[in-house]
Amino acid sequence: MKKGFIMRKLIYCAAFALFAAPVHADGHLDADTVAKIEAFLASIECQMDPDDIEVEDDGYDLDDVICKGGDQFDIKLDKDLNEVSRRAE
């Protein structure tokens, strides 16, 4: 009984870990990339919660970016962290 419970709990935890955070091609979004994205945002006087960075096949989708003046945007970056698009929310 106890072994089955532990196995189910481990499976649930593993599934949560896989789907709860953005996943990069190598399995994770590394701290260096997050720091570079945050530096880019600071350069355009914006900020966001790093948990709202979504990894996509062609780059990154930054949700709920708040910029100077209080404007909110969704910003897309390519794999080289160049801004591709910006959409006001």
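**Charges, strands and contacts**

Biologist: What is the relative accessibility of Lys76?

Modeller: Lys76 counts as partly exposed, the class between buried (under 20% relative accessible area) and exposed (over 50%), taken with a 1.4 Å probe and protein chains only. This is a predicted model: local features need pLDDT of at least 70, side-chain atom pairs count only at pLDDT 80 or more, and totals for chains, interfaces and linings use all residues. Residues are numbered from 1 along each chain as its sequence is written, and side-chain values use heavy atoms, without hydrogens and water. For Lys76 the relative accessibility is 33%.

Biologist: How many helices and strands are there in the chain?

Modeller: Helices (H or I, at least four residues) and strands (E, at least two) are DSSP runs numbered from the N terminus. Read in that direction, the elements follow the order α-α-β-β-β-β-β. The chain therefore holds two helices and five strands.

Biologist: What share of the residues of the chain counts as buried?

Modeller: The chain has 89 residues. The share of them that counts as buried is 24%.

Biologist: How many residues apart in sequence are the parts that Lys76 and Glu56 tie together?

Modeller: The structure holds six salt bridges, each a side-chain nitrogen of Lys or Arg within 4 Å of a carboxyl oxygen of Asp or Glu. In one of them the side chains of Lys76 and Glu56 meet at 3.3 Å, N to O. Lys76 belongs to strand E4 and Glu56 to strand E2 (residues 53-56), so the parts tied together are apart in sequence by 20 residues.

Biologist: What is the relative accessibility of Asp61, which also meets Lys76 in a salt bridge?

Modeller: The N to O distance between Asp61 and Lys76 is 4.0 Å. This pair links distant parts of the chain, with Asp61 in strand E3 and Lys76 in strand E4, 15 residues apart. Glu56 counts as partly exposed at 30% relative accessibility, whereas Asp61 counts as buried at 10%.

Biologist: Which residues gather in a patch of negative charge on the surface?

Modeller: Patch residues have over 30% relative accessible area and no salt bridge, and like charges are joined within 9 Å. Asp and Glu count as negative. Glu89, in the segment after strand E5 (83-88), is partly exposed at 49% relative accessible area, and Asp64 is partly exposed at 33%. The patch consists of Asp49, Asp51, Asp64 and Glu89.

Biologist: What is the phi of Asp64?

Modeller: Asp64 is placed in strand E3 (residues 59-67). Although Asp64 is not a glycine, its phi is positive, at about 60 degrees.

Biologist: What is the relative accessible area of Leu81?

Modeller: Leu81 lies in the loop between strand E4 (72-78) and E5. Its phi is near 65 degrees, a positive value in a residue other than glycine. Leu81 is buried, with a relative accessible area of 17%.

Biologist: How far apart in space are the C-alpha atoms of Glu45 and Cys67?

Modeller: Glu45 occupies the loop between helix H2 (31-43) and strand E1 (46-47). Glu45 is partly exposed, at a relative accessible area of 48%. Along the sequence, Glu45 and Cys67 are 22 residues apart. From C-alpha to C-alpha, the separation of Glu45 and Cys67 is 5.8 Å.

Biologist: What distance separates the C-alpha atoms of Val65 and Gln47?

Modeller: Val65 is located in strand E3 and counts as buried at 0% relative accessibility. Val65 and Gln47 are 18 residues apart along the chain. Their C-alpha atoms are separated by 5.8 Å.

Definitions and conventions:
Patch = residues over 30% accessible without salt bridge, like charges linked within 9 Å, V, L, I, M, F, W, Y side chains within 5 Å. Areas by Shrake-Rupley, 256 points an atom, 1.4 Å probe, with all protein chains shown as cover. Charge placed at Lys NZ, Arg CZ, Asp CG, Glu CD.
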